[in-house]
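Have the model open while you read.

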Amino acid sequence: MVFYEKKENLSKLWDILAVYAWIDKEVGYCQGMSDLCSPMIVLLNDEADAFWCFERLMRRLRGNFRCTQQSVGVENQLQHLASIIQVLDPKLHDHLETLGGGDYLFAFRMFMVLFRRELSFGDSLYLWEMMWALEYDPDMFSTYEEAGAATDRTQGHKPRVKSTCQFGKYKRANLKNGANAVDGPVPISVFLVASVLKENSQKLLQEARGLDDLIRILNNVNGNLDAKKACEAALKLHAKYLRKMQGKKP
């Protein structure tokens with residue numbers, strides 16, 4: 001990006017990532033954080049403003065970067081993705097398993113950097129805004145408060161019942177169908193990745209003869225993904241998935 005050819009802009013990026021690694025010692029710095037941070041610096045002239053926007057974004061996404069010897073941060077999302085494809089396109093799921101891709105680790109990057117590599121700069125910001133609007137929850141403000149302050153405000157206080165019209169479209173559908181997983185609601189990013197796989201299903205079935213072919217086909221998505229169409233496809237897959245799961249209930 002031309003913006004980062006200027007040393008002062010690159011220095012801002014390094015400064016913000018270094019300070020974040022210092023205040024969040026559990027996660028520290030991980031590859032992919034620069035993809036999430038860089039738009040903040042482009043959009044906001046003040047380095048402090050850019051830092052705090054990035055820090056709030058990481059409160060939402062830091063779980064993706066928490067890795068142990070036993071698991072990777074996005075493991076739950078990868079498992080959800082596998083379950084969704086198995087329901088919506090069992091033939092593709094079986095083919096991926098045959099290729100050795102049944103763990104869906106090939107989708108790791110899409111989850112980690114929220115499609116920053118698959119979309120242009122402008123489209124990636126458009127996609128983020130659409131995702132968060134669709135997932136909007138009126139109570140999400142509490143995740144942006146300091147932990148102690150949030151606890152003090154909510155302790156002993158019963159939140160008032162809200163109308164579902166206050167929630168984002170994706171969130172409303174989950175509430176209506178009781179579709180929250182045991183470990184929390186499935187983020188819309190999972191259905192976005194599923195929509196990419198479904199869009200390329202025939203090509204994957206016909207041309208992928210190994211993991212290298214699989215990765216090559218998905219890499220061709222880079223720069224060619226349409227943010228609006230991807231969101232529309234994700235919502236359709238989500239609705240279809242909910243219908244199928246409802247049909248399986250006794």
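E26 is exposed, with a relative accessible area of 55%. This is a predicted model, and in it the E26 side chain meets that of R62 in a salt bridge, at 3.4 Å from N to O. E26 sits in the loop between α1 (7-23) and α2 (33-43), while R62 sits in the loop between α3 (47-61) and α4 (75-88), so the pair ties together parts that are 36 residues apart in sequence.

Now for R117, which forms a salt bridge with D35, the closest N and O atoms being 2.8 Å apart. That's another link between distant parts of the chain: R117 is in the loop between α6 (108-113) and α7 (121-134), D35 is in helix α2, and the two are 82 residues apart. R117 is partly exposed at 36% relative accessible area, whereas D35 is buried at 11%.

Then there's R109, which pairs with E118 in a salt bridge whose closest N and O atoms are 2.7 Å apart. At 29% relative accessibility R109 counts as partly exposed; E118, at 2%, counts as buried, since the cut-off for that is under 20%. Elsewhere, salt bridges with shared partners join D24, E26, R62 and R66 into one network.

| Salt bridge | N to O distance |
|---|---|
| E26 and R62 | 3.4 Å |
| R117 and D35 | 2.8 Å |
| R109 and E118 | 2.7 Å |

How many salt bridges does a search of the whole structure find? It turns up eleven.

Key: Residues numbered from 1 in each chain as written. Predicted model: local features only at pLDDT ≥ 70, side-chain atom pairs only at ≥ 80, totals over all residues. Heavy atoms only, no water. Salt bridge = Lys/Arg side-chain N within 4 Å of Asp/Glu carboxyl O. Helix = DSSP H or I, 4+ residues; strand = E, 2+ residues; numbered from the N terminus. Buried < 20%, exposed > 50% of the residue type's maximum accessible area, 1.4 Å probe, protein only.
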